[in-house]
Amino acid sequence: ADAVDAAPDGPAFELAERVLTATRDAATMDALLLASLKHASTDGARAALTRKRIALLETQGRFPEALPLHAQLAVELEPGDVATRSAARRGHAERGTPDERARFLGRLARRLPGAEGLDVVQELLDVRLSVDDKIGAEAAAKEVRERRPGDARAQRVLADLLEEDPRREAE
């Protein structure tokens, strides 16, 4: 209980972490991190513990469990940290399904206004096009156009989508 209350930088937590690392008791370490996350009182503490849990899960090859944590860290806990966002984007690109990746990119794009999130929306457009999600691709292309009016690629994608759907000739 003392270790959980002192997480992530109290002496009891650090001792428990060192012992569990030395004994390679990943299951107990994961339980310690989960319990500590539930009791963390600041975003900084939650971010530090989430980073530790991501590292533990990825070391164990438990990538599907790490992806939502990457998303939480990038979107909720540290949206202003470029390195955190990059790591989360890379994790989703390498290990996530297109749907998981698109959901994450959509959430991240909503947190990053204007030009700051433009590259995220462009990546979202690429993902939507790669899985032939015409509705999602259209929405992403429109958002690219909103963030960068006159974007040639977004215009081309929208024109191609309209051309492919004869019911929308009036648009």
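The structure treated here is a predicted model, in which local features need pLDDT of at least 70, side-chain atom pairs count only at pLDDT 80 or more, and totals for chains, interfaces and linings use all residues. Residues are numbered from 1 along each chain as its sequence is written, and side-chain values use heavy atoms, with hydrogens and water left out.

**Exercise 1. Determine how α6 and α7 are arranged relative to each other.**

Step 1. Helices (H or I, at least four residues) and strands (E, at least two) are DSSP runs, numbered from the N terminus. Axes are lines fitted to C-alpha atoms, for helices over the stretch in contact, and angles run from 0 to 180 degrees between N-to-C directions.

Step 2. The axes of α6 and α7 are 9 Å apart, and the helices pack at an angle of about 160°. The pair is therefore roughly antiparallel.

Step 3. The handedness follows a convention: a crossing is left-handed if the near helix is turned anticlockwise from the far one by less than a right angle, and right-handed if clockwise. For α6 and α7 the crossing is left-handed.

Step 4. Contact means heavy atoms within 4.5 Å. On the α6 side, the residues are Arg85, Ala88, Arg89, His92 and Ala93, and they meet Glu100, Arg101, Phe104, Leu105 and Leu108 of α7. Sorted by class, this contact holds five nonpolar, one polar and four charged residues. In this scheme Ala, Val, Leu, Ile, Met, Phe, Trp, Tyr, Cys and Pro count as nonpolar, Asp, Glu, Lys and Arg as charged, and the others, Gly among them, as polar.

**Exercise 2. Describe the packing of α5 and helix α6.**

Step 1. Helix α6 covers residues 82-95, and α5 packs with it at an angle of about 150°, the axes being 9 Å apart. These helices are therefore roughly antiparallel, and their crossing is left-handed.

Step 2. From α5 the contact takes Phe63, Leu67, His70, Ala71, Leu73 and Ala74, and from α6 it takes Thr84, Arg85, Ala87, Ala88, Gly91, His92 and Arg95. The classes are seven nonpolar, four polar and two charged residues.

**Exercise 3. Describe the crossing of α9 and α10.**

Step 1. The two axes come within 9 Å and cross at roughly 145°. The crossing of α9 and α10 is left-handed.

Step 2. Among the contact residues are Ala137, Ala141 and Val144 of α9, together with Val157, Leu158 and Leu161 of α10. By class, the contact of α9 with α10 has seven nonpolar, one polar and five charged residues.

**Exercise 4. Which residues have the most contacts inside the largest nonpolar core, and which elements supply it?**

Step 1. A nonpolar core is a set of buried Ala, Val, Leu, Ile, Met, Phe, Trp, Tyr and Cys residues joined through side-chain atoms within 4.5 Å. Buried means under 20% relative accessible area, exposed over 50%, and partly exposed in between (1.4 Å probe, protein chains only).

Step 2. The largest core has 24 residues, and those with the most contacts inside it are Phe104, Leu105, Leu108, Val120, Leu125 and Ala141. Two or more residues each come from α5 (63-77), α7 (98-111), α8 (118-130), α9 (134-147) and α10 (152-164). The largest share, six residues, is that of α8.

Step 3. Leucine 125 touches Ala137, Ala140, Ala141, Arg153 and Val157, not counting residues up to four places away in sequence. A second, separate core of 10 residues includes Leu20, Leu37, Ala40 and Leu56.

**Exercise 5. Where do arginine 24 and aspartate 132 lie, and what is phi in each?**

Step 1. Arginine 24 lies in the loop between α2 (11-22) and α3 (26-39). Its phi is near 55°, a positive value in a residue other than glycine. The relative accessibility of arginine 24 is 77%, so it counts as exposed.

Step 2. Aspartate 132 is in the loop between α8 and α9, and its phi is near 60°, likewise a positive value in a residue other than glycine. Aspartate 132 counts as exposed because its relative accessibility is 56%.

Terms used. Parallel < 35°, antiparallel > 145°, perpendicular 65-115°, else oblique.
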